[in-house]
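Please look over the structure below before reading the numbered points.

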Amino acid sequence: MSAKRRSRKSLLPTRRAMLGGMAAATGLAANQAQARTRRQVDAALREKIHTVVVIYAENRSFNNLFHNFPGLQSPLSSVSKERLIQKDRDGKPLAALPPIWGGLVPTEQTVGGVTHQIGPDAIKGLDNGPFVLRTPAGELLPHGLVTRDLVHAFYHNQMQINGGRNDGFVAWGDSGALVMGQYGDTAAETKLAGLAREFTLCDNFFMGAFGGSFLNHQYLICAQPPYYPNADTSPAAHLIAQVEDGPKGTRLKLQKDAPASAMDGPPKFAANNISPDFWAVNTMMPPYPPTTRDESSPLRLPPQTHDTIGDLLSRKGVEWAWYAGAWQAALDGETAPRKTFPPSPNFQLHHQPMNYFASFAPGTPDRDKCLRDGGLGSTPDTNRFLADARDGKLPAVSFYKPQGDLNMHAGYSDVAAGDNHIAAAVQTLRASPQWPGMLVIVTFDENGGWWDHVAPPKADRWGPGSRIPALLISPHVRKGHVEHTVYDTGSILRFITRRWDLPKLAGLKMRDRAMTSRAGFAPGDLTEALEV
């Protein structure tokens, strides 16, 4: 995969231009030229960007929403049939895709006056490869339908990526054929696609960590997993993964009664929330409210003490906030339980990463100041994040986590709900007094188990994982542009760190070193897409 991109007039010189300009210089002269260029870039950032907003949606791979968007470096339509084939658990190509285990739309829903319920026998016999999501009648699947969820977890994702071949998604998923599905008309009809056509779409942006929402929310704020000390002697001992190392890397051990073939059902593994060396890699609960009411639950993670981007910003005196949709409703116990369908507003405890840290425990100054209720819905009248945006009161750095039924997560949200909500948020931000100095980053926490064909670069043991969509929206990004620079979730932290001259988090240092060693370059910091 190449990190090269087209040259252009830019606020921030491209890496290619920097390297080309320094090729004729040697030794001290080259170092001085690089230092001068970086100073110019940093001065431009301080002049132009004063407000950063991160909108963090849920669980969509790049292919699932943008597979043939115009201008992509690797559109799905250009990929050979050989690279699309999925392998069974024995490593042999599947003759066809299995059924969609559990059904495409397992619960009766009505969209546009039409009632849908699509069970496991309704769509089967699909050819081995990606397919457009459709109803049994052959119509494009409405964006307003909530499909079944797909497994998205730390070890599963690595087994699905399979060393970059991306041919294990069906074998190691739990939903059969569904992992290979894409929405056929999103490039034309979704509001996110409209924003991508107007601003910048990043087509080599990868989720920072392998796996699911829990770990990737942690990666967003600190670029590393949480740690569970002495997990083997704790109530969480049974959550430690059973793994085996081999030529294909670290893999989960199959249970004895697991089906041998993906055609016969999903794989079976023991619990694998914690790595054998005690890092929390799959869903754990926060130590502070809102959390599980069972204080003795083995899923409750001990308070974490390593630095987050919030800690660094606070020490620097830079105002920031994490706005969580339905936060106060969850504290008040008013949100619907996850198993209610469709849940509203739905609040996911493990989507609130700051709530795992001692520095944001109840009673601490930063919790009261920085962990803010985002409110409910999609208008400034009920949504406090949008109200602050409308009134020009956003802090310098804002993270916005929409409530569950508006975040696009399969199983309890749908594409249309999240698409409309994010578009409404962007519209409010563009009308804000802060817009002239704003950079909005719209991305997804992880792929949600959906397949993608682009191999992530190799780096450290945590990731990067599969490719996900990311949009850069600002007066200062290139318009109507697809940016091919390689990014990961940590690139958001790299940008914030650079703009406000913060120390680099330990996890970012590890990723940059590992990826440079293995891939020949480190992820970009988003500056590559900015211009005057």
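How far apart are the end C-alpha atoms of helix α13 (residues 415–430)?

1. The end C-alpha atoms of α13 are 22 Å apart, which agrees with the 22 Å that its 16 residues should span at 1.5 Å a residue. The expected span is 1.5 Å times one less than the number of residues. Helices (H or I, at least four residues) and strands (E, at least two) are DSSP runs, numbered from the N terminus.

2. This is a predicted model, in which local features need pLDDT of at least 70, side-chain atom pairs count only at pLDDT 80 or more, and totals for chains, interfaces and linings use all residues. Residues are numbered from 1 along each chain as its sequence is written, and side-chain values use heavy atoms, with hydrogens and water left out.

3. Of the 16 residues of α13, 12 are buried, so the helix is largely enclosed by the rest of the structure. Buried means under 20% relative accessible area (1.4 Å probe, protein chains only). Among these buried residues are Asp-419, His-421 and Leu-429.

4. In helix α8 (residues 213–222), 10 of the 10 residues are buried, so α8 is also largely enclosed by the rest of the structure. They include Phe-214, His-217 and Cys-222. Just after α8, Ala-223 takes a positive phi of about 60 degrees.

5. Gly-465 lies in the loop between β13 (438–444) and β14 (470–473). Its relative accessibility is 0%, so Gly-465 counts as buried. From Pro-99 it is separated by 366 residues in sequence and by 26 Å in space, C-alpha to C-alpha.

6. Lys-248 sits in the loop between β8 (243–246) and β9 (249–252).

Key. Buried < 20%, exposed > 50% of the residue type's maximum accessible area, 1.4 Å probe, protein only.
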